[in-house]
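Hi,

Here is the structure I promised to pass on. Have a look at it first, and then read my notes below.

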Amino acid sequence: MADYTGIAAAGAVANGGGKKTESSILSTARSRLNMAIAALSESREDEIDDLKFYAGSPDNHWQWPADVLATRGAVQGQTINARPCLTVNKLPQHVRQVTNDQRQNRPSGKVIPADDHADIEVAEIFNGMVRHIEYISDADVAYDTACENQVSYGEGYIRILTEYCDENTFDQDIKIGRVRNSFSVYMDPTIQDPTGADAKWCFVTEDITKADYERMYPDSAPITTLQTLGVGDQNLSQWLTEDTVRVADYYYLDYDRATLNLYPGNVTAFEGTPEDKQLKAIYGKPKRSRESDRVKIKYCKINGYEILEERDWAGKYIPVVRIVGNEFEVDGRLYVSGLVRNAKDAQRMYNYWVSQEAEMLALAPKAPFIGYGGQFEGYENQWKTANTQNWPYLEVNPDVTDGAGGMLPLPQRAQPPMASSGLLQAKAGASEDIKSSTGQYNASLGMGSNERSGKAILARQREGDVGTYHYGDNLARGVRHIVRQLVDLIPKIYDTQRVARIIGLDGETKMVKIDPSQQEPVKKIMQDDIVIDKIYNPNVGKYDVVVATGPGYATKRQEALEAMAQLLQGNPQLWAVAGDLFVKNMDWPGAQEMAKRFAKTIDPKLMEDGDKSPELQAAEQQMQAMGAELDQLHQMLNNVGKSIEAQDMQRKDFEAEIKAYQAETQRISAVQAGMTEQQIQDIAMGVVAAAMESQNLVNEMPSREQPEMMPEQPEMMPPQGMPQ
């Protein structure tokens, strides 16, 4: 019976009962392991039997019950009378029908923004980083193994690990790990989430050789000491064997109880933290307070006696994800199963009827010979081995008569048993029972039926897929939880400025810059109003995950190629419009180069100029025309400016002439009193001549219309006696 005292002690410590010591951690770990073994043992016995039955073959006879197999084998070392025990295993085909469908339609998580601080571009960076992690981890192997275990016997597991990039750096990478043996995982049996997201603890055990153990942990206690100290301690009995040492990765939740304060603006902070002190200085007493358990994930590698490694796990979830098949809780005990469980009896019956049919047909050439006594006398050896050896001839005694002087008939072979129609029907019925118990019928298995059109066949296959849809749905839930953990881990592991690699849906890779210290989620580096680079901070904002199940990018591209082929076949004129796109989606060598050459034959109006759309090209042409018009206007303004300057100079010269005439008039007025009539007349004529010359100057001034110049007037000399 499991020992629960350690669990109670661990609960007291977790609730603030005191500081955990190494001995208390180990005691709690052993108690929890025993509890998990006790809770899962009954179900896992059935799971192991399912796995062996699924892996049954003619060589191991795992599909035959041991008691039945004992009665049909050799008797007293004689195999001559042994009955056949054939194994025609039809279950792998049914399991592969589900698992291979998952390989063709892999579930994939998609990161989406979850609050107003998150950014859609950062979400795409998350998606690219997740694809990169899956690529470097060979995550498809981990997913396929978990799916295989889930469908065959009921449960599979996937791990998330961190490891240093290389021996010369402190930068870490996140990896998705494969768990080949699901029975090495002992997860908290009180979980409610099918993926184990709410697990409080989990063990992942591993048996390593003693030599490797001493190399990896040279500072740990010697193995002989462990064996000595483990004598009499039943809790350590499962940790040591003769040649190996069992170590376990032990994850568990640790709680740190603290007071959470609420301040105006819905701002919270834990009591005693720098943020809380700052908020108290601003707002004073908090509006509300409550006790809160801050959860931390602890990691230990233990051997049952001592802690070999210990550290905090960066994420907020235990990094082990459960992929479950069928799950039942009966009388407080948990049972899980896969596709094989309900098909076992039908498979056994099929093996039995196939063996019975083979036995009856095999006895046909071994039917006994019937003859009269004395006919075989002297030839007993040949007749006894007539069914096992090919004698060239068989002899009988001819002197035996029927009493009336006639010769007795020769010995005759008895009529051999024939396979009855009931036996054949029973075998066919067992085969149908296997299909019904797995939820897969002829259409799902690719067998021909009455359907003839492709749409009808796909509809029947879809009906069969409904019977096993929950396996794919449970795997999708597990993948969603994995991606959710990766989104939680990426900002914590990539906590320094670095260049990260991301992978797009089409497999194209590129490098992005990560800076956890910047304030905004996306920082754009501009030059001449052009974005030349972007820096991302995945710590800003919250992100969630949705999962999509469907064909991969390569499959989608193949489907697009087939659809385009049908479209171009029905509309050949489209080659002149989209022929380059059709060739671009092909996979044969040289397709991309041919697509580029083909694009040169298409109307340039339909083609994109680099990254420029036709609308953008038209806008650029319009901008160029407007620029030319602006240059022309600028030249015209310069000409107008020069014309205005010339007019201003002429105006100033004209004003100077007027002032000169005014001065001359004043001088004349001063001497007018002593002049004769003839002198005054001569002066008047000089004024008229000067006025006429001034009018010519006005007409000579430039104007916008540029009138023709007046002919030059003869200079009028002042009359004699006029002052010069």
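Helices here are DSSP runs of H or I with at least four residues, strands are E runs of at least two, and both are numbered from the N terminus. Before I go on, this is a predicted model, in which local features need pLDDT of at least 70 and side-chain atom pairs count only at pLDDT 80 or more, while totals for chains, interfaces and linings use all residues. Residues are numbered from 1 along each chain as its sequence is written, and side-chain values use heavy atoms, with hydrogens and water left out.

Back to helix 6 (residues 139-153): its 15 residues reach 21 Å from the first C-alpha to the last, close to the expected 21 Å (1.5 Å times one less than the number of residues). The helix is mostly covered, with 13 of its 15 residues buried. Buried means under 20% relative accessible area, exposed over 50%, and partly exposed in between, using a 1.4 Å probe and protein chains only.

Next, the rings. The whole structure has 10 aromatic pairs. Tyrosine 250 and tyrosine 252 are stacked, because their ring centres are 4.9 Å apart and their planes are at 25°. (Rings of Phe, Tyr and Trp, the last by its six-membered ring, pair if their centres lie within 6.5 Å; planes under 30 degrees apart are stacked, over 60 edge-to-face, and the rest tilted.) Tyrosine 250 is buried at 1% relative accessible area, and tyrosine 252 is buried too, at 3%. Tyrosine 251 pairs with tyrosine 299 at 5.1 Å between centres and 45° between planes, so that pair is tilted. This pair links distant parts of the chain, 48 residues apart: tyrosine 251 is in strand 6 (residues 244-263) and tyrosine 299 in strand 8 (residues 288-302). Tyrosine 251 and tyrosine 299 are both buried. Ring pairs also join Trp201, Phe203, Tyr250 and Tyr252 into a cluster.

Two charges sit over ring faces (NZ of Lys or CZ of Arg within 6 Å of the ring centre and within 35 degrees of the ring normal). Arginine 44 is over tyrosine 186, 5.2 Å from the ring centre, and lysine 90 is over tyrosine 350, at 4.8 Å.

Now the salt bridges, of which there are 29; each is a side-chain nitrogen of Lys or Arg within 4 Å of a carboxyl oxygen of Asp or Glu. Arginine 341 meets aspartate 50 at 2.4 Å, N to O. Arginine 341 lies in the loop between strand 12 (333-337) and helix 10, and aspartate 50 in helix 2 (residues 22-54), so the pair ties together parts 291 residues apart in sequence. Aspartate 50 is buried at 0%, whereas arginine 341 is partly exposed at 23%. Asp49, Asp50, Arg341 and Lys344 are linked in a salt-bridge network.

Strand 8 turns up again here. Lysine 301 bridges to aspartate 249, with the closest N and O atoms 2.6 Å apart. Lysine 301 is in strand 8 and aspartate 249 in strand 6, so this bridge connects parts 52 residues apart in sequence. Both lysine 301 and aspartate 249 are buried. Lysine 298 forms a salt bridge with aspartate 312, again with 2.6 Å between the closest N and O atoms.

Cheers
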